[in-house]
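Hi everyone, thanks for coming. Today I'd like to walk you through a few spots in one structure, so let's bring it up on the screen.

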Amino acid sequence: MSQKEVRVRIAPSPTGDPHVGTAYVALFNYAFARRHGGKFILRIEDTDRARSTTASEEAIIRALRWLGLDWDEGPDKGGPHGPYRQSERGTIYREHAEMLIERGHAYRCFCTPERLAELRGEQQKAKASKMGYDGKCRSLSPEEADERGRGGESFTVRLKMPQEGETVLLDGLRGEIRIPNEQSDDQVLLKSDGMPTYHLANVVDDHLMGISHVIRAEEWISSAPKHLRLYEAFGWEPATFLHLPLLRNNDKNKSKISKRRNPVSLDYYRDTGIIPEAMVNFLALMGWSYGEDQEKFSLEQMVERFDLKEGSVSLSGPVFDLDKLSWLNGLYMRELSDEGLVDALMGWRVNRDYLLRLAPLVRDRIQRFDEFLPLISYCFSGDIDYTPVAALLLPKKRKGGETGKMLERLLDKLDAMPAFEVSAMEETFRLFCEGEEWSTREVFMTVRVGLTGRKASPGLFETMEVIGRELTRRRLRLAANFLKQYKG
RNA sequence: GGCCCCAUAGUCUAGCGGUUAGGACGUCGGCCUCUCACGCCGAAAUCCGGGGUUCAAUUCCCCGUGGGGUCACCA
């Protein structure tokens with residue numbers, strides 16, 4: 001394992017915002033590759049056809065570039081092991097699944113989603129210690145399975161997992177991890193739409209792309225036995241696995257970082273004026289330390305000292321602390337010259353393009369230039385203090401608790417919107433109010449104050465569009481939290 | 001619930017058998033100063049509990065406890 005060229009990858013799924021966790025794992029992969037003179041590869045895991053979008057893929061690529069974590073091979077720049085987008089590798093997976101069936105390591109499963117849901121329901125109800133697929137189709141004869149498959153019956157392909165014994169995972173950061181095989185059920189490899197699941201695609205691609213080290217998040221540990229089993233079934237030498245800790249929310253329990261509790265989109269950090277170098281520096285501090293009590297360092301400096309072995313990463317889940325990020329960002333900011341700062345601001349929002357978006361919202365509402373910036377100052381400011389405007393945020397005859405919860409339900413609706421633009425938002429809002437015991441008047445005012453801190457503003461939806469999805473989510477989330485605690 | 005991972009101040013971490021347990025964010029106090037910020041100085045605050053091993057445990061082992069993850073035709 002030591003002689004092999006280091007080849008690592010980041011494999012995001014383009015199903016949403018460019019996630020801060022993706023950046024975190026990407027950074028550690030990147031630093032490891034650079035440190036060992038290896039290659040860093042970007043692979044898009046878009047096998048979930050229902051949820052993957054090209055917009056998300058583009059956003060992820062843009063965000064990783066913004067951070068300066070550039071890759072050697074990827075869907076945008078090609079490479080010797082392409083394509084690097086899994087949706088374009090369908091036949092490869094199907095051939096490999098077929099190979100496993102022929103070798104008796106996998107089988108066709110004709111169980112319907114309904115049956116599986118029922119099974120799951122029963123297991124939950126019975127509080128069964130062993131959850132997962134019961135292996136019903138495992139005992140089908142290959143002849144019968146072939147025939148039913150040819151007959152057009154819908155099927156998935158499942159991996160035959162050993163049902164006894166244990167799998168030993170040698171984690172590069174954690175040492176030996178032993179997992180009883182009875183914990184792993186017969187995982188679906190190929191979905192009925194012919195697309196692979198993560199498990200198959202991941203192992204096949206990692207092997208075909210020559211990945212030497214799989215550096216991924218801790219949440220994958222429990223499915224690692226399935227991946228190891230796949231390498232074995234194919235007769236391949238497995239990569240070395242290293243499981244990084246999960247980033248955590250700043251809440252009581254330190255749960256896995258999530259957008260309900262913490263901004264997770266890299267776009268949020270960009271939109272609030274975080275300098276990419278500071279972001280990278282901060283992410284590096286999560287679990288790793290530069291040494292000599294030094295907190296501030298560049299990517300290049302990190303690469304010089306970085307390595308991954310037992311003891312080199314703190315394995316307890318680090319809480320993502322916005323205050324410390326801001327402090328670090330301030331350090332970077334103060335290093336800029338006046339000119340550099342102005343350039344940075346112009347790259348952010350203080351520019352013609354952005355002002356042009358504000359102009360139509362403001363022009364009818366002002367009489368003099370000097371009213372322009374004050375009127376839309378909240379487009380350039382951070383979190384809003386709701387204390388002085390609490391009476392405006394809370395509709396008359398309403399309680400803080402119920403209003404906060406209403407906002408949370410509304411946020412779920414907003415999160416479900418594919419595009420964040422005026423007409424769609426208005427429709428979402430009006431539909432929402434119809435289904436709720438809330439008047440548009442109440443909802444709109446609460447949202448307006450939540451977004452702007454004021455009772456008067458340009459059009460609500462125009463405002464949301466212009467400040468963007470990330471700031472909208474953040475402010476409404478904070479407003480909801482404020483309301484839930486508000487006694488008055 | 002089964003299995004797995006983790007455990008140094010509120011937070012991020014250093015430590016790798018013998019330390020006054022180091023640094024950073026945050027908090028509090030002071031200095032600087034027209035104010036604020038920056039900067040500087042200082043303070044409070046930490047080894048989850050119990051057993052071992054050892055002359056000696058924050059450090060090694062075990063058991064608890066706590067937290068997290070995972071148990072999808074999502075990744």
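Let's begin with the second largest pocket, where H19 gives the most to the lining, with nine residues. Before I go on, some housekeeping: this is a predicted model, where local features need pLDDT of at least 70, side-chain atom pairs count only at pLDDT 80 or more, and totals for chains, interfaces and linings use all residues. Residues are numbered from 1 along each chain as its sequence is written, chains are lettered from A and ligands numbered from 1 in the order in which they are written, and side-chain values use heavy atoms, with hydrogens and water left out.

Back to the pocket, then. Its volume is about 460 Å³. Here a pocket is an open set of points on a 1 Å grid over the protein atoms alone, where a 1.4 Å probe fits, with protein on both sides within 12 Å along at least five of seven lines; lining residues have an atom within 4 Å of a point. Of the 20 lining residues, the closest to the centre are Arg261, Arg474, Arg477, Leu478 and Asn481. Two elements give two or more residues to this lining: helix H11 (322–334) and helix H19 (460–485). Helices are DSSP runs of H or I with at least four residues, and strands are E runs of at least two, numbered from the N terminus.

What is the make-up of that lining by class? There are six nonpolar, four polar and 10 charged residues.

Next, strand E3, residues 106–109. Ala106 and Arg108 on one side, and Tyr107 and Cys109 on the other, are all buried, where buried means under 20% relative accessible area with a 1.4 Å probe, protein chains only. E3 runs antiparallel to strand E4 (residues 156–159), joined by four bridges; pairing takes at least two DSSP bridges. Arg108 has Val157 as its bridge partner in E4.

Now for helix H9, residues 276–284: eight of its nine residues are buried. Those buried residues, including Met279 and Phe282, pack against helices H1, H2, H8, H10 and H11.

Last stop: Tyr231, in helix H7 (residues 224–234). Why does Tyr231 count as buried? Because its relative accessibility is 2%. Beyond neighbours within four places in sequence, Tyr231 is in contact (heavy atoms within 4.5 Å) with Val203, Asp206, Trp236, Glu237, Pro238, Ala239 and Phe241.

Key. Buried means under 20% relative accessible area, exposed over 50%, partly exposed in between (1.4 Å probe, protein chains only). Grid points are joined across faces, edges and corners, and a volume is the space filled by probe spheres set on the points. Ala, Val, Leu, Ile, Met, Phe, Trp, Tyr, Cys and Pro count as nonpolar, Asp, Glu, Lys and Arg as charged, and the others, Gly among them, as polar.
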